[in-house]
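Please keep the sequence and the 3D view at hand while reading.

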Amino acid sequence: MRRHIKVLALIMMIGISSTAYTQAIYKIEDNNNVSMKLTGTSTMHDWEMDATRAKGEAQFMFDASNEGALTSMKLLTYTLEVKALKSDSQGLNNNAYKALNTDKYKYINYKLASAILSPEKGGYLAQTKGKLTIAGVTKDIAMDIHLIVNNNSITCKGSHQLKMTDYNVEPPSFMFGAMTTGDATKLSFEVTYSKQNEG
């Protein structure tokens with residue numbers, strides 16, 4: 001009898017936990033809501049390359065009993081085509097693509113490994129660990145991501161400081177070497193993931 005009671009209690013606990021939370025898949029659908037930047041320094045002036053398209057998917061979990069409060073982030077990915085990044089200088093673009101070996105490695109990829117979520121003003125802060133792949137080299141990185149929950153979408157904003165040489169990328173130069181970029185670079189993004197319809 002006691003065993004039956006314990007089993008029944010376990011079933012009830014599982015039922016409660018499964019109904020207390022909801023989860024949903026989100027994807028990057030509207031590239032009007034994508035802003036990615038690669039910025040750095042050079043011997044002449046700072047430089048910036050911008051992209052307005054990317055692909056990606058995310059999975060979020062919500063507390064159904066607390067007006068849909070965000071509780072965790074189970075998945076977050078984005079894929080950026082390197083040649084979608086463009087600056088005002090075609091010379092810089094071409095040399096950056098060459099340095100990143102876009103003939104062989106066409107994309108920059110990020111994949112979340114873990115996240116600790118906490119509320120902050122206007123949204124949530126996710127202290128994340130993940131894997132960033134550039135020019136075929138994958139590195140473990142830690143990054144803060146700020147999340148804003150909208151009606152049927154979630155906007156994610158973050159940045160990561162990196163060294164190109166860590167990814168076996170030689171900092172590009174142009175104008176016959178008159179302009180050489182620095183090794184330190186920052187990858188920034190602000191991307192909106194839209195909720196997918198179930199079924």
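The text below takes up the aromatic rings and then the backbone.

This is a predicted model, in which local features need pLDDT of at least 70 and side-chain atom pairs count only at pLDDT 80 or more, while totals for chains, interfaces and linings use all residues. Residues are numbered from 1 along each chain as its sequence is written, and side-chain values use heavy atoms, with hydrogens and water left out.

A search of the whole structure finds three aromatic pairs, where rings of Phe, Tyr and Trp (its six-membered ring) pair if their centres lie within 6.5 Å, and planes under 30 degrees apart count as stacked, over 60 as edge-to-face and the rest as tilted. Two of these pairs are tabulated here.

| Pair | Centre to centre | Angle between planes | Class |
|---|---|---|---|
| Y78 and Y110 | 5.5 Å | 25° | stacked |
| Y78 and F189 | 5.0 Å | 50° | tilted |

Because Y78 lies in strand β5 (residues 69-81) and Y110 in strand β6, their pair ties together parts that are 32 residues apart in sequence; strands (E, at least two residues) and helices (H or I, at least four) are DSSP runs, numbered from the N terminus. Ring pairs link Y78, Y110 and F189 into a cluster. Y78 is buried at 2% relative accessibility, as F189 is at 3%, buried meaning under 20% relative accessible area, exposed over 50% and partly exposed in between (1.4 Å probe, protein chains only).

Most residues other than glycine have a negative phi. N101, not a glycine, has a positive phi of about 55° and is partly exposed, with a relative accessible area of 33%, whereas A135, with phi near 50°, is buried at 14%.
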